[in-house]
Amino acid sequence: MECLIQLVKSTQCRGVVKTPCGELHVFENHGVIDLYKLVAEQPDSLIGATIVDKVIGRGAALLLVKGGIARAHAFTMSQGAMQVLRDAGIDATCDALVDHIINRAGDGMCPVERATLDTSDPDEAMRRIKAFLLSNGILKH
């Protein structure tokens, strides 16, 4: 885990996933787009994996549960995300635990966190996140 933390700290990447067989998936984009695509396009790639990410909110946590991640560390994690991960039996740690993730403008809650506040179902979270990504032009059909 420590080498993954140092990798994220020392590069411009957003986060990194290490699979049990040692394959690395590096996240370059803001938000959950890279994680969403990994879960959607390579659904088995997260099973038993470890992730280190700069920020993990509730929506991302539900994607990690859907993917079958084993361990997660975030520099900043929301309380909702920590609860989701722990409820799923995932070993979760963070440097800073916050009430919720702030949006990029800094004036409210992250829209993905807000969209998943009232669900604990990873499949429903996946649908809501996809709808958000599509409606904002982040994801193409």
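Helices (H or I, at least four residues) and strands (E, at least two) are DSSP runs, numbered from the N terminus. Keep that in mind when you select Thr-50, which sits in strand β3.

**Before you start**

This is a predicted model: local features need pLDDT of at least 70, side-chain atom pairs count only at pLDDT 80 or more, and totals for chains, interfaces and linings use all residues. Residues are numbered from 1 along each chain as its sequence is written, and side-chain values use heavy atoms, with hydrogens and water left out.

**Stop 1: the whole chain**

Show the chain as a cartoon. Count 6 helices and 5 strands. The C-alpha trace spans about 35 × 30 × 30 Å along its principal axes. The radius of gyration, taken over C-alpha atoms, has a globule rule of 2.2 Å times the number of residues to the power 0.38. For 141 residues a compact globule would come out near 14 Å, and the chain has 14 Å, which agrees.

Buried means under 20% relative accessible area, exposed over 50%, and partly exposed in between (1.4 Å probe, protein chains only). By that cut-off, 43% of the 141 residues are buried.

**Stop 2: Thr-50**

Back to Thr-50 in β3. Is Thr-50 buried or exposed? With 14% relative accessibility, Thr-50 counts as buried. Next, display its contacts (heavy atoms within 4.5 Å). Leaving out residues up to four places away in sequence, Thr-50 touches Met-1, Leu-4, Val-16, Val-17, Lys-18, Ile-69 and Arg-71. Then draw a line to Ala-105. That residue is 55 residues away along the chain, and the C-alpha atoms are separated by 29 Å.

**Stop 3: Thr-19**

Select the loop between β1 (15-18) and β2 (24-27); Thr-19 lies there. Thr-19 counts as buried because its relative accessibility is 7%. Beyond residues up to four places away in sequence, Thr-19 touches His-25, Ser-45 and Ala-49.

**Stop 4: the nonpolar cores**

A nonpolar core is a set of buried Ala, Val, Leu, Ile, Met, Phe, Trp, Tyr and Cys residues joined through side-chain atoms within 4.5 Å. The largest one has 35 residues. Which of its residues touch the most other members? Pick Leu-35, Ile-56, Leu-63, Leu-64, Met-77 and Leu-85. At least two residues of this core come from each of α2 (33-41), β3 (50-56), α3 (58-67), β4 (71-78), α4 (79-87) and α6 (122-135). Apart from this core lies another, of 7 residues, among them Leu-4, Ile-5, Val-16 and Val-52.

Zoom in on Met-77. Not counting residues up to four places away in sequence, its contacts include Ile-56, Met-82, Leu-85, Cys-94 and Ile-101.

**Stop 5**

Start with α2. Its buried residues are Ile-33, Asp-34, Leu-35, Tyr-36, Leu-38 and Val-39. Their cover includes β1, β2, α3 and α6.

Move to α3. How many of its residues are buried? The count is 8 of 10, so this helix is mostly covered. The buried set is Arg-58, Gly-59, Ala-60, Ala-61, Leu-62, Leu-63, Leu-64 and Gly-67. Cover here includes α2, β3, β4, α4, α5 (111-115) and α6. Just after α3, find Gly-68, with a positive phi of about 85 degrees.

**Stop 6: Ala-70**

Go on to the loop between α3 and β4, where Ala-70 lies. Ala-70 has 30% relative accessibility and counts as partly exposed. Leaving out residues up to four places away in sequence, Ala-70 touches Gly-48, Ala-49, Ile-90 and Asp-91. Ile-90 is 20 residues apart from Ala-70 along the chain, yet their C-alpha atoms are separated by 5.4 Å.

**Stop 7: Asp-95**

Finish in strand β5 (residues 91-98), which holds Asp-95. Apart from residues up to four places away in sequence, Asp-95 touches His-73, Ala-74 and Phe-75. Now run a distance from Asp-95 to Met-77. They are 18 residues apart in sequence and 7.9 Å apart in space, C-alpha to C-alpha.
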